[in-house]
Amino acid sequence: MLCIHSIHGLTIFLRAESLADYAQACKARALVMCPLNNGTAVSESPLIDALREMAPILRSRNLTGLVEPLGFPVSSMRTKREAIRAIEAAGAEDVYRLVHDTFHHHLAGESEYFPDWTGLVHISGVTEATPQTDALLDKHRVLVNARDRIETLVQLRTLKERGYSGPVSMEPFAPEVHDDPHRETRLGESYSFVARAMS
């Protein structure tokens, strides 16, 4: 997967085309599209316009746009419901799907699941007892294990029970995961833990 941030302007539009060309050349099937995450408010109208303008770029290259709401309080689009509303208003249901990220689902306080809209699931765990939910950052995202406090396995089971059968990708951003010399072994252990819990 390749990521872009959905902001406006001719330069960004040309970059989006270039990135879509690169994705196509790499034989990627999708681009993950993230909202702004710097406290900038974006109203629904420009979001709809951006999705509408990006749609033909994706269609012409046979790519899916995977829209990933970010649950951080500073994100310009926090929930999957917001994303779906904008996609429908853009008339682009054929080319967009959602990323269900278990960390961001928890941060946004979401209770709704959209398995039919979901094209990819990102999973990670949080094991630190603090900070509070609204203060969690990417650096707190670790591999999923039995000490996870954000109910990643509950979210996965719910999606599966409601019909989701697509790909699941581990998304740990914590420095201790990336810096671990045995990270490949730890990653395998985490996937095995998740697989056993889901079977």
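How many of the six residues of strand S5 (residues 118-123) are buried?

1. Before the answer, a word on what you are looking at. This is a predicted model, in which local features need pLDDT of at least 70 and side-chain atom pairs count only at pLDDT 80 or more, while totals for chains, interfaces and linings use all residues. Residues are numbered from 1 along each chain as its sequence is written, and side-chain values use heavy atoms, with hydrogens and water left out.

2. On confidence: pLDDT is the predictor's confidence in each residue, from 0 to 100. The protein has a mean pLDDT of 93, and 94% of its residues reach 70 or more. Over residues 1-8, however, the pLDDT is below 50, although this stretch has 26 contacts in the model beyond near neighbours in sequence (a contact means heavy atoms within 4.5 Å). Where pLDDT is low, the predicted coordinates should not be read in detail.

3. Now to S5: five of its six residues are buried, leaving the strand mostly covered. Buried means under 20% relative accessible area, exposed over 50%, and partly exposed in between (1.4 Å probe, protein chains only). Helices (H or I, at least four residues) and strands (E, at least two) are DSSP runs, numbered from the N terminus.

4. S5 has partners. With strand S4 (residues 96-101) it pairs in the parallel sense over four bridges, and there Val99 stands opposite Leu120. With strand S6 (residues 168-170) the pairing is again in the parallel sense, over three bridges, and His122 stands opposite Ser169. From S5 the chain crosses through helix H5 (residues 152-161) to S6, a right-handed β-α-β crossover. Strands pair if DSSP finds at least two bridges between them, and right-handed means that, with the strands pointing away from the viewer, the path from the first strand over the helix to the second runs clockwise.

5. Do look at H5 itself. Its buried residues are Thr152, Leu153, Gln155, Leu156, Thr158 and Leu159, and their cover includes S4, H4, S5, S6 and helix H7 (183-198). Just after H5, Gly163 takes a positive phi of about 110 degrees.

6. Helix H3 (residues 80-89) buries Lys80, Ala83, Ile84, Ala86 and Ile87. Seen down the axis of H3, these fall within an arc of 165 degrees, so they line one face of the helix; the arc is that of the directions from the helix axis to the C-beta atoms. Helix H2 (44-60), strand S3 (64-67), S4 and H4 are included in what covers them.

7. His104 deserves a visit. This residue sits in helix H4 (residues 102-107) and counts as buried because its relative accessibility is 4%. The side chain of His104 reaches the backbone nitrogen of Gly71 at 2.9 Å. Not counting residues up to four places away in sequence, His104 touches Glu68, Pro69, Leu70, Gly71, Phe72 and Arg141.

8. Finally, some backbone details to check. Most residues other than glycine have a negative phi, and most peptide bonds are trans. Lys27, in the loop between H1 and strand S2 (30-34), has a positive phi of about 65 degrees and is exposed at 71% relative accessible area. Asn62, in the loop between H2 and S3, has a positive phi near 60 degrees. A cis peptide bond joins Thr130 and Pro131, with omega about 5 degrees; Pro131 is in the loop between S5 and H5.

Key. A polar contact is a pair of N or O atoms within 3.5 Å; within protein, one must be able to donate a hydrogen and the other to accept it, and residues adjacent in sequence count only if both atoms are side-chain atoms.
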